[in-house]
Amino acid sequence: MAKAVTGARISSTLLLMGFLCACQTTPHGETLEPVDRRGHRDIEAASELMTTQSQLYSAEPFFQLVEKYSNDNGDIDYDAWKAAPQDLAALDSQVAMLAAISPDNAPKQFPDKSAQRSYWINTYNTLVLHGVLEYWPLESVRDVQISFISRIVPRKGFFYDRKVIVGGRETNLYRLEKEVLRNQKDPRLHFAFNCASSSCPILRPWEWTDEQLDQAGRDFVNTPANVRMEGHTIYLSSIFKWYRKDFPDAILPYLQQFAEPTLQAQLQTAMNDAYRINHVTYDWSVNDADR
């Protein structure tokens with residue numbers, strides 16, 4: 001009897017697992033690594049056509065779209081973009097090009113580290129934008145649910161479960177970001193990556209030269225929501241906590257190089273007097289211009 005009951009429990013468990021898998025928001029989902037192929041067939045077909053035509057990479061279409069739909073704060077008018085089929089198609093074409101071309105499979109198009117860096121930053125930002133528009137309207141990227149686990153773990157659906165194709169290789173946004181940071185070894189990239197959220201660095205249509213990365217660092221560090229002193233405490237963006245291994249161990253001297261004179265002096269005081277460092281709560285609300 002015990003064996004029969006145990007067998008029934010196992011069978012029930014297997015049925016429940018099967019039911020949960022069937023309840024994924026995509027029919028192609030897997031239990032741990034579900035694949036969200038929303039729009040992938042069209043993008044894969046377009047990328048194959050581009051490969052056969054040996055298309056050259058250009059970020060210019062992405063730049064033009066961002067300039068058209070962003071305000072001075074880098075927030076995006078997603079409603080207007082979603083209502084413009086021709087611009088949605090233009091973004092799809094850009095994503096298809098990224099699916100076909102990367103520095104890994106077309107190295108001659110990216111002859112130096114600067115060109116490669118520009119590609120990777122703008123590719124990440126393009127794919128984030130594309131994902132938000134796929135799921136729009138959206139309050140936060142944390143709300144995207146693909147796997148069953150993503151219904152419990154915020155951000156997993158958007159950054160882990162949702163698959164993207166870059167240079168003919170399938171990956172996800174989390175893995176893509178990690179690989180770029182590991183290969184580039186430049187903490188300033190954290191001032192360039194945009195995750196479509198209010199606490200993220202500003203979305204910019206830039207080539208990401210050294211000068212532009214420095215400017216992005218100055219803009220981010222001198223924004224009080226990201227770095228500020230209150231009493232005997234320094235408050236920093238959670239980016240400096242989550243990615244602490246990417247930054248120097250002595251974070252305050254690093255931030256000083258981007259800080260304006262007043263903040264620079266405050267950081268020096270904080271170092272001299274060993275002020276406490278706290279990290280502020282991240283605002284994951286989507287960077288919507290209409291908010």
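Which residues are linked in a network of salt bridges? They are Arg117, Asp186, Arg188, Asp210 and Asp214. Before we walk through them, a word on what you are looking at. This is a predicted model, in which local features need pLDDT of at least 70 and side-chain atom pairs count only at pLDDT 80 or more, while totals for chains, interfaces and linings use all residues. Residues are numbered from 1 along each chain as its sequence is written, and side-chain values use heavy atoms, with hydrogens and water left out.

Side chains of opposite charge can pair when their charged atoms come close. Here, a salt bridge means a side-chain nitrogen of Lys or Arg within 4 Å of a carboxyl oxygen of Asp or Glu. Searching the whole structure turns up 10 salt bridges.

Let us start with Arg188. Its side chain meets that of Asp210 in a salt bridge, 2.6 Å from N to O. This pair links distant parts of the chain, 22 residues apart: Arg188 sits in the loop between α8 and α9 (210–221), and Asp210 in helix α9. (Helices, H or I of at least four residues, and strands, E of at least two, are DSSP runs numbered from the N terminus.) Arg188 also forms a salt bridge with Asp186, at 2.9 Å from N to O. Both Arg188 and Asp186 are buried, a word that means under 20% relative accessible area, with exposed being over 50% and partly exposed in between (1.4 Å probe, protein chains only). Arg188 counts as buried because its relative accessibility is 12%, whereas Asp210, at 37%, is partly exposed.

Another salt bridge joins Glu179 and Arg169, whose closest N and O atoms are 2.8 Å apart. Again distant parts of the chain are linked: Glu179 belongs to helix α8 (residues 173–184) and Arg169 to strand β2 (residues 169–172), 10 residues apart. Glu179 is buried, with a relative accessible area of 18%, while Arg169 is partly exposed at 34%.

Now follow helix α6. The expected span of a helix is 1.5 Å times one less than its number of residues. For the 23 residues of α6 that gives 33 Å, and the end C-alpha atoms are 33 Å apart, which agrees. The helix is mostly covered, with 19 of its 23 residues buried.

Past this helix, Phe148 lies in the loop between α6 (113–135) and α7 (156–161). At 35% relative accessibility, Phe148 counts as partly exposed.
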